[in-house]
Amino acid sequence: VDELGQIAAPFTLPHVLDCGSIEDRSYAIERRLPGTAVSDELRRLDRRSRNRLIENHLDAADALGDLHLADRGWFGDLLAASPVRTTTWRRYLEAKAADSLGQAPGFEAIDPGELAADLPETAEASFVHLDAFTGNMLSTGTEITAVIDVGASSVCGDRRLDPLSAAVYLCAPPITPFADEHDRRVAHDWLTNANLMDHFEPARRWLAAFWAWATEDRALHQWCRTVLL
């Protein structure tokens with residue numbers, strides 16, 4: 001996170017003040033960040049303000065790609081325990097989908113190569129949060145104040161995947177159950193204006209493969225199965 005913060009962002013990022021262990025139990029102390037989860041704030045706002053917060057949520061997801069990330073010489077997982085890393089973005093998309101699908105039963109017929117081929121290639125590697133849903137952003141009113149939970153899902157890859165994934169999560173009832181049809185239309189309009197709407201469905205299918213391993217989260221896993229099967 002310190003590396004990402006080398007370039008000023010329009011929101012605050014997590015900052016670890018101290019970490020260690022006490023009686024074999026690990027701990028980390030982070031700076032308290034301003035704001036309330038976007039998922040909670042959306043429930044309280046009137047329609048006009050709600051629309052604005054969704055647009056700002058997607059703007060913030062897009063701005064994640066501006067954060068500083070030194071050249072790694074590869075595309076792939078930044079912090080995963082067993083990282084998948086390749087020389088091209090599309091190879092990563094295929095390899096990561098194959099790895100995740102292989103960790104859960106029932107997806108044997110899904111071709112990870114097809115999932116990867118449906119998404120655009122990129123030669124430029126940027127920071128991608130990949131879990132920037134409404135629960136991992138904080139806001140005050142309609143303004144995004146912080147992005148949290150930079151962790152194992154983060155990758156070095158195509159920056160377009162963050163606004164796409166934020167929209168996909170907003171439009172997935174198991175992930176964002178309080179979102180309504182109007183919210184989804186706002187998200188789709190944002191993607192259309194950013195020339196990303198054509199990638200929405202391919203991104204949705206790849207993300208379902210990406211999260212397929214998460215069998216303990218029943219709602220999320222059922223969403224993965226619904227999208228892919």
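View A. Leu17 counts as exposed because its relative accessibility is 51%. Exposed means over 50% relative accessible area, buried means under 20%, and partly exposed is in between (1.4 Å probe, protein chains only). This is a predicted model: local features need pLDDT of at least 70, side-chain atom pairs count only at pLDDT 80 or more, and totals for chains, interfaces and linings use all residues. Residues are numbered from 1 along each chain as its sequence is written, and side-chain values use heavy atoms, with hydrogens and water left out. Leu17 lies in strand 1. Helices (H or I, at least four residues) and strands (E, at least two) are DSSP runs, numbered from the N terminus. Together with Ile22, Tyr27 and Ile29, Leu17 makes a nonpolar surface patch of about 380 Å². At least two residues of the nonpolar patch come from strand 1 (16-22), and at least two from strand 2 (25-30). Patches take residues with over 30% relative accessible area and no salt bridge; nonpolar side chains (Val, Leu, Ile, Met, Phe, Trp, Tyr) are joined within 5 Å, like charges within 9 Å. Accessible areas come from the Shrake-Rupley method with a 1.4 Å probe; for residues, only the protein chains shown count as cover.

**View B. The largest pocket.** Its volume is about 250 Å³. The lining of the largest pocket holds 15 residues; Ala80, Lys96, Ala152, Phe210 and Trp213 lie nearest its centre. Helix 3 (residues 89-101) gives the most to this lining, with 3 residues. By class, the lining has 5 nonpolar, 5 polar and 5 charged residues. Ala, Val, Leu, Ile, Met, Phe, Trp, Tyr, Cys and Pro count as nonpolar, Asp, Glu, Lys and Arg as charged, and the others, Gly among them, as polar. The search runs on a 1 Å grid over the protein atoms alone: a pocket is an open set of points with protein on both sides within 12 Å along at least five of seven lines, a cavity is a set where a 1.4 Å probe fits but cannot get out, and lining residues have an atom within 4 Å of a point. Grid points are joined across faces, edges and corners, and a volume is the space filled by probe spheres set on the points.

**View C. The largest cavity.** A search of the whole structure finds 1 cavity of 30 Å³ or more. The largest cavity has a volume of about 40 Å³. Trp89, Leu93, Leu119, Pro120, Asp158, Arg160, Leu161 and Leu164 line the largest cavity. Helix 3 and helix 5 (161-170) each supply at least two residues of the lining. The lining divides into 6 nonpolar, no polar and 2 charged residues.

**View D. Asp158 and Arg160.** These two cavity-lining residues form a salt bridge, with the closest N and O atoms 2.8 Å apart. A salt bridge is a side-chain nitrogen of Lys or Arg within 4 Å of a carboxyl oxygen of Asp or Glu. Asp158 counts as buried because its relative accessibility is 5%. Arg160 has a relative accessible area of 28%, so Arg160 is partly exposed.

**View E. Salt bridges within helices.** The structure holds 13 salt bridges. In one of these, the side chains of Asp40 and Arg43 meet at 3.4 Å, N to O. Both lie in helix 1 (residues 38-44), 3 residues apart, about one turn of the helix. Asp40 is partly exposed, at 35% relative accessibility, and Arg43 is partly exposed at 49%. Arg184 and Glu181 also meet in a salt bridge (3.4 Å, N to O). They are separated by about one helical turn because they are 3 residues apart in helix 6 (residues 181-193). Arg184 counts as buried, at 19% relative accessibility. A network of salt bridges links Arg47, Arg50, Asp180 and Asp183.

View F. Asp99 lies in helix 3. Asp99 is partly exposed, with a relative accessible area of 33%. Gly102 is found in the loop between helix 3 and helix 4 (112-117). Gly102 counts as exposed because its relative accessibility is 63%. Gly102 and Trp213 are 111 residues apart in sequence, yet 7.8 Å apart in space, C-alpha to C-alpha.
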